[in-house]
Amino acid sequence: PKTFIGEPNDLFWIAEAGGTWKLNEGTLDGRAGAGGWYHNGTFDRFSGDTQNGTEGFYFFIEQMLWRERPADEDDEQGIGAFVMYGHADDDVAEADHHVGAGLTWKGAIPDRDNDVLGMGANWVHFSHANGADFADSYELAIEYFYKLQLTPCLSIKPDLQHIINPGGTGLGDAVVGTIRVEITF
């Protein structure tokens with residue numbers, strides 16, 4: 001709050017613009033957006049000195065590919081896809097490029113209309129700036145999940161990820177499993 005009254009320091013600014021559309025006679029929703037960000041703080045560079053400010057940009061596209069009952073506007077069951085890309089300053093950010101893509105299927109199992117099955121992949125490229133010194137140039141995470149909607153307010157989501165070159169450390173691949181419990185009010 002003090003930055004609203006005094007001199008603004010270390011502010012993070014972000015702007016995004018986007019749009020929506022409908023394909024297949026209005027039954028398949030889609031949206032896209034692009035944005036940029038800037039942080040005016042002081043950052044340590046991998047080279048050992050500092051820099052004032054850093055910035056980046058991103059874009060994404062989401063598209064419903066198939067709906068189980070396209071004539072029913074309220075039915076959300078179907079298959080959707082997304083693709084995203086982000087870029088950051090490689091002098092201060094460990095990951096300077098990020099690409100993600102995935103698919104979700106709501107209602108994949110009969111009589112489980114609100115459950116969601118999904119898979120995705122996220123690839124990050126590690127900075128090659130002097131002093132960054134990552135053992136690997138990238139990390140790739142492949143993820144599978146199933147969100148079990150138990151009630152309108154409660155869901156459980158088991159998730160399994162295979163991470164190749166985790167953290168660019170040069171260590172072996174990792175397999176991570178989690179269970180997320182979500183309560184919605």
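Contact here means that heavy atoms lie within 4.5 Å of each other. By that criterion, and leaving aside neighbours within four places in sequence, Phe82 is in contact with Ile61, Glu62, Gly100, Ala101, Gly102 and Leu103. The model is a predicted one.

**Overall fold**

- Along the sequence, the elements follow the order α-β-β-β-β-β-β-β-β-β.
- The radius of gyration is 20 Å, well over the 16 Å that the globule rule gives for 185 residues, so the protein is more spread out than a compact globule.
- The C-alpha trace spans about 60 × 45 × 35 Å along its principal axes.
- Of the 185 residues, 29% are buried.
- Among contacts with a separation of 6 or more, 44% are made by residues 24 or more positions apart.

**Surface and nonpolar patch**

- The accessible surface of the protein amounts to about 11,900 Å², and carbon and sulfur atoms account for 59% of this area.
- A nonpolar patch on the surface is formed by Leu65, Trp66, Leu103, Trp105, Leu117, Met119, Tyr144, Leu160 and Val175, which together have about 840 Å² of accessible area.
- Strands β3 (50-67), β5 (95-106) and β6 (116-126) each contribute at least two residues to the nonpolar patch.
- Tyr144, one of the patch residues, is located in strand β7 (residues 138-149).
- Tyr144 has a relative accessible area of 44% and is therefore classed as partly exposed.

**Phe82 in strand β4**

- Phe82 belongs to strand β4, which covers residues 78-88.
- With a relative accessible area of 28%, Phe82 is partly exposed.
- The contacts of Phe82 include Leu103, and Leu103 is also a member of the nonpolar patch.
- Phe82 and Ala32 are 50 residues apart along the chain, and their C-alpha atoms are separated by 9.5 Å.

**Ser127 in the loop between β6 and β7**

- Ser127 is placed in the loop that joins β6 and β7.
- Ser127 counts as buried because its relative accessibility is 3%, and buried means under 20%.
- The side chain of Ser127 reaches the backbone oxygen of Asp90 at 2.5 Å.
- A polar atom of the Ser127 side chain also lies 3.0 Å from the backbone nitrogen of Ala129.
- Beyond residues up to four places away in sequence, Ser127 touches Phe46, Asp90, Ala93, Glu94, Asp96, Ala132 and Phe134.

**Gln77 in the loop between β3 and β4**

- Gln77 is found in the loop between β3 and β4.
- The relative accessible area of Gln77 is 2%, and Gln77 is buried.
- The side chains of Gln77 and Asp75 are joined by a polar contact of 3.1 Å.
- Not counting residues up to four places away in sequence, Gln77 touches Met64, Trp66, Arg67, Glu68, Arg69, Lys106, Gly107 and Asp113.
- Trp66, one of the residues that Gln77 touches, is also part of the nonpolar patch.

**Salt bridges**

- Side chains of opposite charge can pair when their charged atoms come close.
- Counting a side-chain nitrogen of Lys or Arg within 4 Å of a carboxyl oxygen of Asp or Glu, the total is 10 salt bridges.
- Glu76 and Lys106 form a salt bridge through their side chains (2.9 Å, N to O).
- That pair links distant parts of the chain, as Glu76 lies in the loop between β3 and β4, Lys106 lies in strand β5, and the two are 30 residues apart.
- Glu76 counts as exposed, with 53% relative accessibility.
- Arg112 and Asp115 form another salt bridge (2.8 Å, N to O).
- In this pair, Arg112 is partly exposed at 28% relative accessibility, whereas Asp115 is buried at 2%.
- The side chains of Arg180 and Glu182 also meet in a salt bridge (3.9 Å, N to O).
- Arg180, at 48% relative accessibility, is partly exposed, and Glu182, at 28%, is likewise partly exposed.
- Arg45, Asp49 and Asp91 are linked in a network of salt bridges.

Definitions and conventions
Residues numbered from 1 in each chain as written. Predicted model: local features only at pLDDT ≥ 70, side-chain atom pairs only at ≥ 80, totals over all residues. Heavy atoms only, no water. Patch = residues over 30% accessible without salt bridge, like charges linked within 9 Å, V, L, I, M, F, W, Y side chains within 5 Å. Areas by Shrake-Rupley, 256 points an atom, 1.4 Å probe, with all protein chains shown as cover. Helix = DSSP H or I, 4+ residues; strand = E, 2+ residues; numbered from the N terminus. Buried < 20%, exposed > 50% of the residue type's maximum accessible area, 1.4 Å probe, protein only. Rg over C-alpha atoms; globule rule 2.2 N^0.38 Å. Polar contact = N/O pair within 3.5 Å; in protein donor to acceptor, adjacent residues only side chain to side chain.
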